[in-house]
Amino acid sequence: MLPWKRALRPLAALLLTAAAVTVPATAAEAAGAPSSGWNDYSCKPSAAHPRPVVLVHGTLGNSVDNWLGLAPYLKVRGYCVFSLDYGRLEGVPFFHGLGPVEKSAGELKDFVDKVLAATGAAETDVVGHSQGGMMPRYYLKFLGGAAKVNALVGIAPSNHGTTLSGFTHLLPYFPGAADLLAKNTPALADQVIGSAFLTKLNAGGDTVPGVRYTVIATRYDEVVTPWRSQYLTGPDVRNVLLQDLCPVDLSEHLAIALLDRVAFHEVANALDPARARPTTCASAFE
């Protein structure tokens with residue numbers, strides 16, 4: 001790389017971060033108003049966007065905070081947008097997605113049915129972050145979701161589990177730690193590479209017929225590691241590395257879903273491939 005390009009790289013990264021922080025903030029404020037926010041059950045999908053979008057938060061997330069950037073981004077582009085809280089543990093407010101993943105998939109099933117009944121749509125599209133990008137695959141594979149979901153977009157999804165930057169390799173050295181994890185935070189145990197849940201989920205292939213899959217990953221992910229484990233294999237799969245779209249994008253596991261408008265642009269492309277436009281660093285300013 002030429003010296004001047006190396007010098008411009010940090011500047012470009014700074015500009016991208018500034019755009020991500022400032023532009024979604026205005027949209028998030030608009031989302032606070034009932035007339036312009038998401039989870040509006042009077043919303044009827046348009047001919048341009050005939051499927052409602054269901055947003056599925058990640059572990060320790062919730063239906064609001066996880067989507068203060070992406071939900072308004074999609075809403076202003078004409079989508080009916082909905083989000084749910086799932087995997088709640090008794091006595092634990094705000095931080096959800098901790099219950100057994102299999103049970104959470106059942107909660108997603110009920111929520112999708114509610115959204116489809118309210119909107120009159122035949123199918124929905126699902127966009128999820130982290131666990132929220134992986135858990136819907138159980139719904140698709142085992143709970144009849146394939147008939148009701150057109151596309152699944154996973155943002156940094158834990159599709160094949162995580163080592164949590166190597167931390168999970170230490171569990172055998174602490175007797176009882178794995179059992180304690182499974183008892184108190186089942187979803188965390190379910191997402192460890194090699195777990196019984198993931199073995200069941202991925203047996204026989206990653207995908208089911210009739211659903212389009214998109215995975216958007218970042219090489220700087222420090223939570224779902226190694227980051228390549230997020231990718232899926234099978235028909236109708238598109239695996240995307242954020243840095244292939246914008247080399248100076250430094251987003252890690254949280255930022256990619258919370259405020260990265262380059263990633264948001266690629267989500268929009270996945271939801272409407274017929275109108276997709278190339279995603280580049282400039283997409284952060286759109």
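Visitor: Before we start, what pLDDT do local features need here?
Guide: Residues are numbered from 1 along each chain as its sequence is written, and side-chain values use heavy atoms, with hydrogens and water left out. The model is predicted, so totals for chains, interfaces and linings use all residues, side-chain atom pairs count only at pLDDT 80 or more, and local features need pLDDT of at least 70.

Visitor: How many helices and strands does the protein chain have?
Guide: Both are DSSP runs numbered from the N terminus, helices being H or I with at least four residues and strands E with at least two. On that count, the protein chain has ten helices and six strands.

Visitor: What percentage of the residues count as buried?
Guide: Buried means under 20% relative accessible area, exposed over 50%, and partly exposed in between, using a 1.4 Å probe and protein chains only. Of the 286 residues in the protein chain, the buried share is 50%.

Visitor: Among contacts between residues at least 6 apart in sequence, what percentage join residues at least 24 apart?
Guide: A contact here means heavy atoms within 4.5 Å. For the protein chain, the share is 76%.

Visitor: How many disulfides turn up, and what is the pairing?
Guide: A disulfide is a pair of cysteine sulfur atoms within 2.5 Å. Searching the whole structure gives two of them. With the bonded cysteines numbered in sequence order, the pairing is 1-2, 3-4.

Visitor: Is the link of Cys43 and Cys80 left-handed or right-handed?
Guide: The sulfur atoms of Cys43 and Cys80 sit 2.0 Å apart. Cys43 is in the loop between helix H1 (3-31) and strand S1 (53-56), and Cys80 is in the loop between helix H2 (70-75) and strand S2 (81-84), so the bond ties together parts 37 residues apart in sequence. Both cysteines are buried. The angle about the S-S bond is -80°, making the link left-handed.

Visitor: And in the link of Cys246 and Cys281, how far apart in sequence are the parts it ties together?
Guide: The sulfur atoms of Cys246 and Cys281 are 2.1 Å apart, and with 105° about the S-S bond this link is right-handed. Cys246 lies in the loop between helix H8 (242-245) and helix H9 (255-258), while Cys281 lies in the segment after H10, so the parts tied together are apart in sequence by 35 residues.

Visitor: Which helix gives the most to the lining of the second largest pocket?
Guide: On a 1 Å grid over the protein atoms alone, a pocket is an open set of points with protein on both sides within 12 Å along at least five of seven lines, and lining residues have an atom within 4 Å of a point. The second largest pocket has a volume of about 190 Å³, and its lining includes His49, Tyr73, Arg77 and Glu286. With three residues, the biggest contributor is helix H10 (residues 261-271).

Visitor: Which helix has the largest share of the lining of the largest cavity?
Guide: A cavity is a set of grid points where a 1.4 Å probe fits but cannot get out. The largest cavity holds about 30 Å³ of space, and Arg137, Leu140 and Tyr213 are among its lining residues. The largest share, three residues, comes from helix H4 (residues 131-142).

Key
Points joined across faces, edges and corners; volume = space filled by probe spheres on them.
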